Amino acid sequence: MRRFSAFNVVSLTLGFAFLYLPMIILVIYSFNASKLVTVWAGFSTKWYGELMRNEAFLDAALVTLKVAVMTSTLATVLGTCAAYVLVRIHRFPGRTLFSGMIYAPLVMPDVILGLSLLLLFIGVNIDRGILTIVLAHTTFAMCYVSVVVSSRLVAFDQSLEEAALDLGATPFQTFRLVTLPIIAPAVISGWLLAFTLSLDDLVIASFTAGPSSTTLPMKIFSAVRLGVSPEINALSTIMIGIVTVGVITASLMSKRAAVQRLKEEQTAERS
Amino acid sequence: MRRAILIAIPYVWLLVLFLIPFVIVIKISLSDTALARPPYFPQWDWSLGWQGIKDFFRELDFENFVFLTTDSLYWKAYLSSVKIAVISTLLTLLVGFPIAYGMARAPEEWRPTLMMLVILPFWTSFLIRVYSWMGILSQGGLLNSLLLSLGIISEPLIILNTDIAVYIGITYTYLPFMILPVYAALEKLDGSLLEAAEDLGCSRTSAFWLVTLPLSKQGVIAGCFLVFIPAMGEFVIPSLLGGSQTLMIGKVLYEEFFSNRDWPVASAVAVVLLLILVIPIVLFQRNEQKQREAEG
């Protein structure tokens, strides 16, 4: 049984303080009655009220959510396909190029991805708007999905698939009834990852958005360029709250699923 | 047949939306700036047939790349991006290593919780995490008021809108990318090796330098690349936390495109940035491969 040593307690406390204090301060100051950052003028929720009445922010939030839902769904389908191709099909023409195109967007700076996609959209003359943002986001998000899904595909026992095929299932049935349930946790985390990536992106959206499709990060960026604003603090608090609840729920659920699986395995062994 | 469709769907998607756009960037980087819509020359003209294509290629040249070397703004921006990325990567390592070490040494039942605490900031908006430092670092901000009231300084420090704020911003936002690979390497480390070193007369500190550090090398290298590569092309952090004198190439590219509307030069800036990044990317992939081979 290992215990915390004094050095580890200090380094972890300082480290996590560094990671969390800025966000905690942001949350506290979103309830500040004063507009100034340093002056505490009492508890107030007025900035949340202002935020709710700010149509521009609400519109931008709606655009962002639409883009994120479409992106993550499309990226999950495409990324899962790509992962399956990468892990299961070893020979086809242009395989090296394909795996290169999957990994390259992961390390490509946002400014370059954004610029190149904008030049394409202008070249083929598509009107810029929600559609073009979705196309752009899907392109890089699918690569992240495929990395997450392929690590799960590599790990699982392929003889299960072979057994299904031997027993007369078609390849599609095998995928639907055997492969998909096994990789489902990875597919779900891929979807969530794509969703947050899309929600979070500023640079690529700024390049590919049209005049009527401002996303929330673009709105926040242009507001905070002018300095700290209590409304943005309130908005940040809401977003931090949603993510915190989401991550904690997800980790509790996966913990419970692991315990459940362990129990089932033990029962199976006993019988 | 089904297999061909399965391959074709993601393949065509990436060809059309990743590779072709990139070819377009290279093409425009070789074109000339023009006062037209779109603002570059030559345009692809199908109606002229073969002759048009030949004329088109004759018009392309490396003028923009020559321009990048003559105007000091650009090479200064590249150099200062490398400088900022290197310093921030080292800072991230300095802050991240003790955290990863502490996590790997923590009691087993604590580790999933600590892991979740490291990943949680990664899911919150990048923009908000950068923004959270604006209120802390500004001249009338929290850090200055704290230091003033404690009597440590007599005049407020100017941190926001300087390179120091950019270092802090990069270190803060990319910290999870450093902690996770280093933690993964340290966690695998066999504790009996340290015991053996101590039994053989090594002090704790020298056991750290002689055993722990060399065995976590691969994780440290991976973490450094994961911070350095995106930091090089960073745009949000220098524009929010940096000052007007903070030169970073991502910001230069953005302004070249949106403010100056000089598409050919912006494209040339992008091509050169990518050429610079190819070196660390290849080194990173080699490191990953070595790690996989060592495990497999």
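Where is the kink in H1(B) centred? The kink, of about 35°, is centred on Leu15(B), the bend being the angle between axes fitted to the seven residues ending at a residue and the seven starting there. This is a predicted model, in which local features need pLDDT of at least 70. Residues are numbered from 1 along each chain as its sequence is written, and chains are lettered from A in the order in which they are written.

H1(B) covers residues 2-29, helices being DSSP runs of H or I with at least four residues, numbered from the N terminus. From first C-alpha to last, its 28 residues reach 40 Å, close to the 40 Å expected at 1.5 Å a residue; the expected span is 1.5 Å times one less than the number of residues.

H1(B) packs with helix H5 of chain A (residues 110-123) at an angle of about 85°, their axes 8 Å apart. The two helices are therefore roughly perpendicular (65 to 115 degrees). Their contact (heavy atoms within 4.5 Å) includes Leu117(A) and Phe121(A) of H5(A), and Phe18(B) and Pro21(B) of H1(B). By class, this contact has 15 nonpolar, 1 polar and no charged residues; Ala, Val, Leu, Ile, Met, Phe, Trp, Tyr, Cys and Pro count as nonpolar, Asp, Glu, Lys and Arg as charged, and the others as polar.

Within chain B, the axes of H8 (residues 163-188) and H11 (residues 217-232) come within 7 Å and cross at roughly 155°. That makes H8(B) roughly antiparallel to H11(B) (over 145 degrees). Among the residues making the contact are Tyr174(B) and Phe177(B) of H8(B), and Gly223(B) and Val227(B) of H11(B). The contact of H8(B) with H11(B) divides into 14 nonpolar, 2 polar and no charged residues.

Terms used
Predicted model: local features only at pLDDT ≥ 70, side-chain atom pairs only at ≥ 80, totals over all residues. Heavy atoms only, no water. Axes fitted to C-alpha atoms, helices over the stretch in contact; angles between N-to-C directions. Parallel < 35°, antiparallel > 145°, perpendicular 65-115°, else oblique.
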